[in-house]
Amino acid sequence: MQTVFSTVLPDIPQAALIWLALLAVAAIAVAALIVRPDRFRSVFGERISEAAMPTSLELAEEARERARYAQEVEVAATRAAATAERRRAEWLAAQEEVEEAWREYEAAEQDVRRLAAAAALPLPRTARTPAEYADRERWLHRAALDAQWRKEITVEQLSDILGHRGWDPRRHPVEQELRLRRLVLGNLRTRQETAREREQAAWRAAELAAAAARSLREEAYAATRPAARPQSALSIVELAGPEITRELPAREAVARGREAVPAY
């Protein structure tokens, strides 16, 4: 024991000096933090932010991914633009079809009005002989065939006329023509309504295609822009204790103001 104490005791003053030096360094650091906190805060915050930022390899990989994504979106935007242009052309064609159907309907309506006015007059008397009835039947068949050739009546309607189903070939040609033109007018009205429905459907498809192309163009433009440098949460905070303390009274005042407004 005497030997151990004699060995340790001479080192105690040296250890005490080392501890005093460490305490002095710590005291100086604490004093520096108290006197100049902003300087040390910015230095520490920058170092921590730099450590938290992605490396150059990660940034390069992210840039390649963004370039690949931008290229894919650009291709999709080009295809969407072509689709929108095709839908627009289909809509314009459908609109032309509607206008053509409307013109044909107006012409048929004028014919019906003219024939209705003529049928209101006394019809000329003719001898009701088998030859006269045969002429009237031939006229009706020829007029029906011409109307079907112009696609004014359907094949089923032509079959009904030729088969005399609902049609009397012995009636006067003026009455037959008026009834035939009314049948054509009904078909043209149905055709015009169908064309109008197709035109509206084509317009909606064109609008949707244009909106999709516009959205993809905006996304492609956003993808080509340089990415914003990510900011570390530590750099955002930056150990800003005093600034947060100054914002608290304002937020509390806003909260009290909201509580003072009654809810309806």
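Two residues are in contact here when heavy atoms of theirs lie within 4.5 Å, and helices (H or I, at least four residues) and strands (E, at least two) are DSSP runs that are numbered from the N terminus. What you see is a predicted model, in which local features need pLDDT of at least 70 and side-chain atom pairs count only at pLDDT 80 or more, while totals for chains, interfaces and linings use all residues. Residues are numbered from 1 along each chain as its sequence is written, and side-chain values use heavy atoms, with hydrogens and water left out.

**The whole chain**

Begin with the protein chain shown as a cartoon, where you will find nine helices and zero strands, so that the pattern along the sequence reads α-α-α-α-α-α-α-α-α. Among the contacts in the protein chain with a separation of 6 or more, 78% are between residues 24 or more positions apart. If you switch to a surface, the accessible area of the protein chain is about 19900 Å², and 60% of that area belongs to carbon and sulfur atoms; such areas come from the Shrake-Rupley method with a 1.4 Å probe, and for residues only the protein chains shown count as cover. In what follows, a residue is buried under 20% relative accessible area, exposed over 50% and partly exposed in between (1.4 Å probe, protein chains only). Of the 264 residues in the protein chain, 19% are buried.

**The pair α5 and α6**

Next, select residues 130–149, which are helix α5, together with residues 155–162, which are helix α6; their axes come within 10 Å and cross at roughly 175°. This crossing makes α5 roughly antiparallel to α6, given that angles under 35 degrees count as roughly parallel, over 145 as roughly antiparallel, 65 to 115 as roughly perpendicular and the rest as oblique. The axes are lines fitted to C-alpha atoms, for helices over the stretch in contact, and the angles run from 0 to 180 degrees between N-to-C directions.

Which residues of α5 and α6 meet? On the α5 side they are Leu140, His141, Ala144, Leu145 and Gln148, and on the α6 side Val155, Leu158, Ile161 and Leu162. The residues of this contact divide into seven nonpolar, two polar and no charged, where Ala, Val, Leu, Ile, Met, Phe, Trp, Tyr, Cys and Pro count as nonpolar, Asp, Glu, Lys and Arg as charged, and the others, Gly among them, as polar.

**Around α6**

Stay with α6 and colour Gln157, Leu158 and Ile161, which are buried. These residues cover an arc of only 100° around the axis, which puts them on the same side of α6; the arc is that of the directions from the helix axis to the C-beta atoms. An α-helix has 3.6 residues a turn, so residues three or four places apart point the same way. The cover over the buried residues of α6 includes α5 and α7 (173–224), whereas Val155 and Glu156, on the other side of α6, are exposed.

**The loops on either side**

Now look at the loop between α5 and α6, where Lys151 is placed. Lys151 is exposed, with a relative accessible area of 61%, and its phi is near 60°, a positive value in a residue other than glycine. Just after α6 comes His164, which takes a positive phi of about 60° and which lies in the loop between α6 and α7. At 30% relative accessibility, His164 counts as partly exposed.

Arg171 also lies in the loop between α6 and α7, and it is partly exposed at a relative accessible area of 41%. Not counting residues up to four places away in sequence, Arg171 touches Arg136 and Gln176. The C-alpha atoms of Arg171 and Leu140 are 9.5 Å apart, although 31 residues separate them along the chain.

Select Ala116 in helix α4, which counts as partly exposed at 29% relative accessibility. Apart from residues up to four places away in sequence, Ala116 touches Leu178 and Arg182. From C-alpha to C-alpha, Ala116 and Leu178 are 6.6 Å apart in space and 62 residues apart in sequence.

For the last stop, where is Gln192 found? Gln192 is in helix α7 and is buried, with a relative accessible area of 13%. Leaving aside neighbours within four places in sequence, Gln192 is in contact with Val98, Ala101 and Trp102.
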